[in-house]
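Reader: Hello! I am new to this structure and would like a close look at a single part, the surroundings of the ligand. Could you walk me through that part?

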Amino acid sequence: MPKKQNKNKPNSFRESVDQMVARAFRVLDLDPGVAAAIQACNEILQVKFPVDIRGRIEVFTGWRAVHSTHRLPAKGGIRYSPIVNQDQIEAMAALMTYKCAIVDVPFGGSKGGLLIDPHKYDRDELERITRRFAGELARKGFLSPATNVPAPDLGTGEREMAWIADTYKHLYPEDINYIGCVTGKPVGHGGIRGRNEATGRGVALGLREFFRHPEDVKAAGLSGGLGDKRVVIQGLGNVGYHTAKILRDEDNTKIVAIIERDGALLNDTGIAVDRVKNYMNEHGGVRGFPDAIYTDNGRAALELPCDILIPAAMEAQITAANAERIRAPLIAEAANGPITFEADRMLCERGVTILPDAFLNAGGVTVSYFEWIRNLTHMRFGRMERRWDEMRGQHVISAIEMLTSQTVPDWMRAEIVQGADELALVRSGLDDTMRLAYQEISETRRSDNKISDYRTAAYVIAVKKIARSYVELGVY
Ligand code: NAD
């Protein structure tokens, strides 16, 4: 069971996650032995390896934690960051275990990290470092399609995943499923359409489902739909960019502030997300972007009045130091662990509604699951049935036209005849996953008066599923 918390000491990320999950243990009155088994991180690998960089040897440190193997493979991203450490990696491996259980993805939880500032190295150097790291992970049993499958996270993307897959292939060419040793690959190298946007789309889909529940919306002190809401977002990387873009373009929300590493952009009438992203790609930051007010105090912009605050950058952005000043009634955790345990308690006491990371950013692992299945079947989704579905649609239209002696309009014909392609199927599967997970969380929160917040409800669902599997398998 978790340690007693010292209020003067800031929580470590892992302690924060453990303390949050402990609330679910108490609700469920879980056997302390089973609780300890669930919370323990099964394995942690630390590697140190040398790489020749511009004629000098540099030694890099990396980790891969496996929190649980009650389902295999264990799944979770790899991050490249100058502030990564073992505690953080263990915390996020645990989050992955709970996340997969919440959205019914049959994986265990894992996470990896490399202590590096990727901006300091060129493409060729990053490729050599990544390939060397992947080799270490594979040889030590921490990379394979059957047991441990990484994905992108902070500081990594499709490119790094393609290098990892290629390294594994050269080490184990006899593994027919080699391409499934990592997800988030480019589509041309075994990736799946829709993975790049998946985490951000999942955040938007989770929010859409929340706004389909008027009672929940009212309890959060909000009203109406998602469409007219004012959003502040922190981090315009993979997750933040897709979240903001989808919320703006498809849901009509207004992005009134974008917070990045070098400051924040503010504009009450809304900010064009694509233009900011292009500007960042060109200039390396947001400072100087026209059509918005710039402030170098990005952290303070988290406290701006808005309807929805979306931290999408990194952990521990809302702490006991700024929690009291947060003015958003709804916080949507797109990043992992953006709110510390203590801040979470303070916000909940003030009645702020928090949609938790372990649910809301699960779109990435959900579509990674689709990608892994696609890799194991060696075929893209929709390949077998798409034309068949189109033909059936044609037959239905012909029958209607024959029986009614009327012609079906072209636009209707096009919609009925259309067979689903891979992107449509992936988005549909993701939508279904986020809707069902939200409904289960909302229902759990309302049905038990010991639960008042969405995070505890989500963890209750996760812990129940994991505990059942531990007890049934007899591995506790
Ligand atoms: P990323 O590296 O693509 O983007 C992070 C962005 O945040 C960058 O634009 C960076 O400049 C900005 N940033 C960093 N520190 C900041 C700070 N202090 N203030 C403001 N902006 C800051 O990373 P990502 O993949 O988008 O991941 C973001 C978060 O989402 C992380 O917590 C990650 O663990 C989580 N997450 C990612 C995925 C995924 O599929 N990539 C899935 C689930 C969760």
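Author: Gladly! Let us start with a term: a residue is near a molecule or strand if one of its heavy atoms lies within 4 Å of it. The ligand is surrounded by 24 residues, and the closest are D153, T199, V239, E260 and N336.

A word on the source: this is a predicted model, where local features need pLDDT of at least 70, side-chain atom pairs count only at pLDDT 80 or more, and totals for chains, interfaces and linings use all residues. Residues are numbered from 1 along each chain as its sequence is written, and side-chain values use heavy atoms, with hydrogens and water left out.

Now to the polar contacts, meaning pairs of N or O atoms within 3.5 Å (within protein, one must be able to donate a hydrogen and the other to accept it, and residues adjacent in sequence count only if both atoms are side-chain atoms). The side chain of E260 has an N or O atom 2.6 Å from an oxygen atom of the ligand. In the side chain of T199, an N or O atom is 2.8 Å from an oxygen atom of the ligand. With G237 it is a backbone N or O atom that lies 3.4 Å from a ligand oxygen. The protein buries 86% of the 830 Å² that the ligand exposes when taken alone; these accessible areas come from the Shrake-Rupley method with a 1.4 Å probe, and for residues only the protein chains shown count as cover.

Which elements give two or more residues to the shell around the ligand? They are α8 (238–249) and β7 (254–260), where helices (H or I, at least four residues) and strands (E, at least two) are DSSP runs numbered from the N terminus. By type, the shell residues are ten nonpolar, nine polar and five charged. Here Ala, Val, Leu, Ile, Met, Phe, Trp, Tyr, Cys and Pro count as nonpolar, Asp, Glu, Lys and Arg as charged, and the others, Gly among them, as polar.

Stepping back, the ligand lies between domain 1 (41–189) and domain 2 (198–360), because both give residues to the shell around it; the domain bounds come from an automatic or database domain assignment. Of its 476 residues, 57% count as buried, that is, under 20% relative accessible area, with exposed over 50% and partly exposed in between (1.4 Å probe, protein chains only).
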